[in-house]
Structure formats: structure tokens, C-alpha cells
Amino acid sequence: MGAQIRVYKRRIKSVTATKKITKAMEMIAASRIVKAQRQVAASSPYADELTRAVTAVATGSNTKHPLTTEAENPSRAAVLLITSDRGLAGGYSSNAIKSADRLAERLKAEGKDVSSYIVGRKGVAYYSFRNRTVADSWTGFSDSPTYGDAKAVASPLIEALLADTAEGGVDELHIVFTEFVSMMTQTPVGRRLLPLSLDDAGTVGDEAGAERKKGEALPLFEFEPSAEGVLDALLPRYVESRIYNAMLQAAASEHAARRRAMKSATDNAEDLIKSLTRLANAARQADITQEISEIVGGASALADANAGSD
């Protein structure tokens with residue numbers, strides 16, 4: 001019985017150590033969420049205004065630009081998937097990967113070849129394990145992305161969009177990331193970034209689409225030196241700002257998911273410690289009861305022996 005108590009004590013000690021780790025990770029994730037939320041709030045107005053400016057150029061001129069003009073028969077599409085570099089975040093990365101798989105299946109059903117671009121070690125490992133081709137990948141900054149990281153990710157995507165499909169270029173650019181809704185809700189979403197259209201501009205979070213739906217007329221613009229020159233300057237920054245905003249939202253969602261997962265692990269550890277403590281106490285009480293029974297039995301046997309000798 002004493003050996004069983006020792007086993008319970010070792011398990012309680014082990015679970016207690018695990019609880020300290022999960023509690024510390026929960027507190028770290030909770031502290032990082034606030035910073036990530038502030039970064040999302042700071043980047044969203046810039047991305048929205050830039051989207052509005054690009055939309056104004058696209059709708060206020062008749063210029064056919066490769067980044068705003070729909071291909072007649074689109075045959076290739078690029079999908080940028082944003083996952084995490086680290087685990088212990090519940091279903092954060094797996095949900096984003098499933099959303100990307102559904103998007104890829106839909107694009108393939110439309111007769112388009114899909115080129116995958118991955119951010120985060122979890123997504124890279126998933127595609128590598130299944131021997132899926134990845135056009136390009138980036139790791140090491142999923143929980144704290146910078147604008148420089150967004151530029152590095154956007155550069156090959158823009159090059160692929162400008163290139164001819166026969167040379168490995170793409171006709172469309174889609175992005176899959178986890179949108180931060182609240183501390184308890186993070187939703188994986190898939191959106192088309194390019195080619196930009198009136199409908200797309202209203203789905204990326206800006207107010208331009210809402211204004212058009214209300215029937216408000218857009219102002220007239222004059223472009224210097226030309227509308228095409230303005231598009232050449234604005235659209236790369238549009239892609240960078242949208243990718244940066246998506247990466248920030250994904251980072252906030254990752255921290256929120258990790259905090260929630262670690263809180264659940266801490267609560268489970270507490271429940272397990274209580275259960276093991278009750279079992280250890282029961283084993284200790286049984287051990288004490290057995291010792292008392294043996295003492296009483298020995299005393300009774302000694303008393304009977306003494307009575308027999310008398």
C-alpha cells in the first residue's frame with residue numbers, strides 16, 4: 001500500500017510541474033494578445049484607406065492593369081496560407097489548413113491549378129509530410145510579424161501575378177488566415193486579394209464597398225502621370241498592407257488560441273491533481289486502517305494467548 005502512495009505522490013508532483021508551465025504560457029499569451037490587438041487596430045485604417053484609393057483608381061479609369069483586370073480564362077491561382085510556427089495553440093493551425101484545403105478544392109473544381117505559399121512551420125510541416133508542392137514558404141515570425149516580413153512574402157506573389165501563366169505565373173491571388181473576432185472567437189477565412197474588383201473591395205474590410213452598396217456616387221479623379229502609373233505604385237503596397245494586416249490578425253488569433261488552450265490544460269491539471277490527491281488520501285487511510293487492524297488483531301491474539309496460559 002505504501003508503494004501505491006508513492007506512485008500517487010510522483011504523479012501529483014509531475015502534474016503540478018506541468019500545471020506551472022501551462023499557467024506561465026497562459027499568462028505570456030494573454031500579455032501578448034493586447035499588443036497584437038493594438039497592432040491590428042493600427043494597421044487596419046491604413047489598409048482600408050489604401051484599398052479605397054486603389055478601388056478609386058480601378059473604378060475611375062478605363063485602364064486595364066494586370067492587377068485589376070480579370071483574366072478571360074483564369075487557369076492558375078496562388079493561395080497564401082498563414083499558420084503558426086509553434087504548437088500548443090489548440091486547433092488554430094489545423095483549422096486554417098482545412099480552410100485552405102477547401103479553397104484549393106474549389107479552385108481546382110473551377111479548372112485552375114493551385115500554387116501554394118505557406119507562412120509558418122506548422123503549415124510547412126503539414127505540406128511536407130504529405131509531399132505537397134510548395135512554391136515558397138516563410139517561417140520564424142508568425143507570432144510577431146513586421147511590415148518587412150509582409151514585404152518579403154508579398155514580393156514573389158506579385159511577381160507571380162505579373163508573370164505569364166506559361167512561365168509559372170498566376171491569374172489570381174487568394175489568402176487564408178485566421179481572423180481575430182474576439183478573445184474567444186477566431187475564424188479562419190479565405191479571401192481573394194487580386195485581381196481587385198468592386199465586390200472584392202467590399203469584402204476586405206474597407207468602407208468603399210459599403211458606400212457603393214448604398215448607391216453613393218464615387219468622386220471623379222485625375223491621375224498624374226497616368227492611372228496605370230498610379231496602379232503600378234499603389235497595388236504592390238496594397239498587397240503588402242493586406243498581407244501585413246492578415247498576419248497581424250493571425251498573430252492575435254494565435255495568442256488567443258494558445259491562451260485558451262493553456263487555460264484548459266491548467267484547469268485539467270488542477271482537476272487531475274484533486275483526483276490524485278483523493279486517491280492518495282484514500283490509499284493512506286486504507287494503509288492506516290490496515291495497520292490499526294493488524295495491531296488490534298495482534299493485541300487480541302496476545303490476550304487470548306495469555307488467557308489460555310492462565
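**Entry 1: ground rules and the whole chain**

With that, among contacts between residues at least 6 apart in sequence, 76% join residues at least 24 apart.

I noted that this is a predicted model, in which local features need pLDDT of at least 70 and side-chain atom pairs count only at pLDDT 80 or more, while totals for chains, interfaces and linings use all residues. Residues are numbered from 1 along each chain as its sequence is written, and side-chain values use heavy atoms, with hydrogens and water left out.

I then took the secondary structure from DSSP runs, with helices being H or I of at least four residues and strands E of at least two, numbered from the N terminus. The protein chain comes to seven helices and five strands. Along the sequence I read the pattern α-β-α-β-α-β-α-β-β-α-α-α.

For burial I used relative accessible area with a 1.4 Å probe on protein chains only: under 20% is buried, over 50% is exposed, and partly exposed lies in between. By that rule 41% of the 310 residues count as buried.

**Entry 2: the sheet**

I called two strands paired if DSSP finds at least two bridges between them. In what order do the five strands of the open sheet lie? I read β3-β2-β1-β4-β5, with mixed pairing. β3 (136-138) and β5 (186-194) are at the edges with a single partner strand each, so one side of each has no neighbour in the sheet.

For angles, I worked with axes as lines fitted to C-alpha atoms (for helices over the stretch in contact), and values run from 0 to 180 degrees between N-to-C directions. From one strand to the next, the twist averages 20 degrees.

Helix α2 (residues 92-109) packs on the sheet and touches β1 (76-82), β2 (113-119), β4 and β5. The direction of α2 makes about 150 degrees with that of β4. Helix α3 (residues 121-129) lies across β1, β2 and β3, at about 135 degrees to β2.

I also looked at β1 on its own. Six of its seven residues are buried, so β1 is largely enclosed by the rest of the structure. β1 pairs with β2 in the parallel sense over seven bridges, and Leu81 stands opposite Ile118 in β2.

**Entry 3: Thr178**

Thr178 sits in β4, and its bridge partner in β5 is Pro188. Is Thr178 buried or exposed? At 3% relative accessibility, Thr178 counts as buried. Leaving out residues up to four places away in sequence, I listed what Thr178 touches: Tyr92, Ala96, Gln186, Thr187, Pro188, Gln249, Ala250 and Ser253.

**Entry 4: the largest pocket**

I ran a 1 Å grid over the protein atoms alone; a pocket is an open set of points with protein on both sides within 12 Å along at least five of seven lines, and lining residues have an atom within 4 Å of a point. The volume is the space filled by probe spheres set on the points, which are joined across faces, edges and corners. For the largest pocket I got about 230 Å³.

Of its 13 lining residues, the closest to the centre are Ala104, Lys108, Ser116, Tyr127 and Arg132. Which element gives the most to the lining? It is α2, with five residues. β1, α2 and β2 each supply at least two.

Most residues other than glycine have a negative phi, and most peptide bonds are trans.

- Leu88, in the loop between β1 and α2, has a positive phi near 60 degrees; Leu88 is exposed, with a relative accessible area of 53%.
- Asn131, in the loop between α3 and β3, has a positive phi near 55 degrees; Asn131 is exposed at 70%.
- The peptide bond from Leu194 to Pro195 is cis, with omega near -5 degrees; Pro195 is in the loop between β5 and α5 (198-201).

Last, I checked Leu161 in helix α4 (residues 147-162), which counts as buried at 7% relative accessibility.

Note on methods:
Contact = heavy atoms within 4.5 Å. 1 Å grid on protein atoms, 1.4 Å probe; cavity = no way out; pocket = protein on both sides within 12 Å on 5 of 7 lines; lining within 4 Å.
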